[in-house]
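Let's take a friendly walk through a protein model. Have the sequence and the 3D view ready as you read.

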Amino acid sequence: MSGGVDSSVAAALVAGQGHHAIGLSMQLYDQRDGQTFGSCCTLDDLHDARRVAHALGIPHYILNLERRFQETVISNFVREYAAGRTPLPCARCNSDLKFSTLLDRARGFGADHVATGHYARVERRPDGRWLLKRSVDPDKDQSYFLFALTQDQLAAASFPVGGLHKPAVRAEARRLGLQVADKPDSQEICFLPNGDYASFVARHEPAAPRPGPIVDERGRVLGGHAGVHRFTVGQRKGLGIAAGAPLYVLKLDAETGTVTVGPRAALERTTLTASGVNWIAVDAPAGWVSASAQIRHRHRAASGRLRALDGSRAEFIFDAPQPAVTPGQAVVFYDGDLVIGGGWID
Amino acid sequence: MQRIYLDHNATTPLHPAVADAMVAVLREEFGNPSSVHHFGQRAKAAVDEARSAVAALIGAEPSDVVFTSGGTESDNLAIRGAAEALERTGRRHLVASAIEHEAVLNTLKALARRGWSTTLLPVDGTGIVAPDALREALTDQTAVVSIMHANNEIGTVQPVAELARIAHERGALFHTDAVQSAGKIPVDVKALGVDLLSISAHKFYGPKGIGALWMRRGLRLLPVLTGGKQERNRRAGTENVPGIVGMGAAAALARGKMAEEAGRLTTLRDRLEEGILRAVPGTAVNGARTPRVPNTTNISFDRIEAESLLIALDLEGIAVSTGSACSSGTLEPSHVLKAMGFPPHRTQNSIRFSPGAANTEAEIDRVIAVLPAVVEKLRALTRTPVRA
């Protein structure tokens, strides 16, 4: 329970179905000095979660997962930026914290399932396979962030609001008289409410801010920068270079500290490979299959062909070129609403 | 669900007779004790009676008892008040044990930021302050030594009388936080030989928000709260009359049945302790088993995160705590167990059980019966063992 409307309604639905529900909130960073460097699960949010649990008549506990969060999510986030990649901490948090450490803890308390406020659906096929599907609300769908859940994790997961549209979730919260009914949606990255990831990375990885050149596609130096961790493939603003046509970041090379920029057209790619692939709806497909691929949270899945490669890898060829295929982000493969699987873009 | 409350060191339920006394005052005695008229006199009489009862609990004279808002304020008034009063004499050094309550430790930290030097005394593996350590720490500049009577996490009782004598030899004042001992074991300010002593009502079946500081007659403190002349210029602010009356009633009750209740609680605590050690493998008692307040045991559970065990027990209807209630919400290692030299994993796997007045043998036996399966389940699910 983050204290937001989605997990509050999820808790209400679980409790309302007559399950024996236990409210759990995660404390993910040090809050003793009242610091609020994150927007989710700040002290105010914990206060809200506690009030909702009390209103629902369920016990509520705050689990201190600071160390695990640091070891899994934060360290990966910092390492990836320092390596010139663009991490996706919410997906790491789901697979490595919520449906791992948190699930283990919940099992220790006698729980069979962990329900969250995610907009996604989990279903069991007659043959016993667990499936992950998009939420019925396409604007809110979060299946992209859940692609890394294994069959065991999906079997224990429950997404009570995944079958609802957001306005219906808010209406349900109002109907139940929950104080959080009109609370604004949370930020994408909970521990970076101001979006200043560059200084966050620099604070956690002092070696990251290493100056280097900004070059064009032919290697001509156009300017300089204060560290590759400050850039994301596809980024246009903040390059500090005056040029006739708009320039975009095409490539980040952490080894040499080089940022390559070019025109928008040069951002487009038709193929990608991914590592650490998790197959959900199928076993790894040896031959080419039709699918669509989503390469960012706010990307409309694009059609193409998919096949598995050796070593938990996969290859995808788009029917039409896609801008800004960004290393470190997830690529999630869909068949309509159904998640086939997903991995980390190389 | 039948709930079993074993967290009396955090707080105790209000004794029904105390509640009755308070309700009567809330309804009838609205007067301000400082007022000259009839209404003020009635309120003043109620406060006087309570002051006598509190004084009797600690072998003191009523006029040396100052009512405060609780243990934390008492500790602040004792240490800040004495330190600031002695500032002009050049005594700018403060000493406390490393296992004090945060009310003392953070008061020292606050004074350290303002120029006082501070020394924290180590404790041995059983949680006892060595008299020699105090001797070594004392200087001619030492203003106040603050060492608790009984520790809140492990219940161990310090040799306060001896420590106070040592402090006095070097001309330092001695304060003891007796919040966890008053009402449980005999606390006598003369026998202890201290100069300042803090107590809190809600630890002995009185209300929250009221405590007291006993100060040796003639001692001068600079008040922490400035204002009116209440409490003989030692603590400003209109008296919390219902709280004071509640504290007085609770003190009288605690004093009346102390010997009997201490014996009963010792039996219950030992039954619980021995039962757990027998029934759950990989357990050990933390701290000296004697001298110890009769209601406290602190037990380490191998390969367990205390936070998880606390929650699992609560879901079984058993209320316990990890270390002190003040540190809940943070997974910091217990500073008490750390000071005792325990390795990190043993400072995060301990649970405090503190039975009290309403607990029965049957409840203790239920805890002993429930624990093994709960612990077993948590241990089976520990994917990554708690790092040592």
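## Reading the model

This is a predicted model, in which local features need pLDDT of at least 70 and side-chain atom pairs count only at pLDDT 80 or more, while totals for chains, interfaces and linings use all residues. Residues are numbered from 1 along each chain as its sequence is written, and chains are lettered from A and ligands numbered from 1 in the order in which they are written.

## Confidence

The pLDDT (the predictor's confidence in each residue, from 0 to 100) averages 92 in chain A, where 96% of the residues score at least 70. Over residues 33-40 of chain A, however, the pLDDT is below 50. Where pLDDT is low, the predicted coordinates should not be read in detail.

## A sheet in chain A

Look for an open sheet of four strands in chain A, in the order S8-S7-S10-S9, with mixed pairing. Strands here are DSSP runs (E, at least two residues), numbered from the N terminus, and two of them pair if DSSP finds at least two bridges between them. At the edges are strand S8 (221-225) and strand S9 (248-253) of chain A, each pairing on one side only.

Strand S7 (residues 212-215) of chain A runs antiparallel to S8(A), and four bridges join them. Across this pair, A:Val215 is opposite A:Val221 in S8(A).

## Where the chains meet

How many residues of chain A are in contact with chain B? There are 14, and they touch 13 residues of chain B; contact means that C-beta atoms, placed from the backbone, lie within 7 Å. Strand S2 (60-64) and helix H4 (89-108) of chain A each supply at least two residues of this side of chain A; a helix is a DSSP run of H or I with at least four residues.

Technical notes: Contact = placed C-beta atoms within 7 Å.
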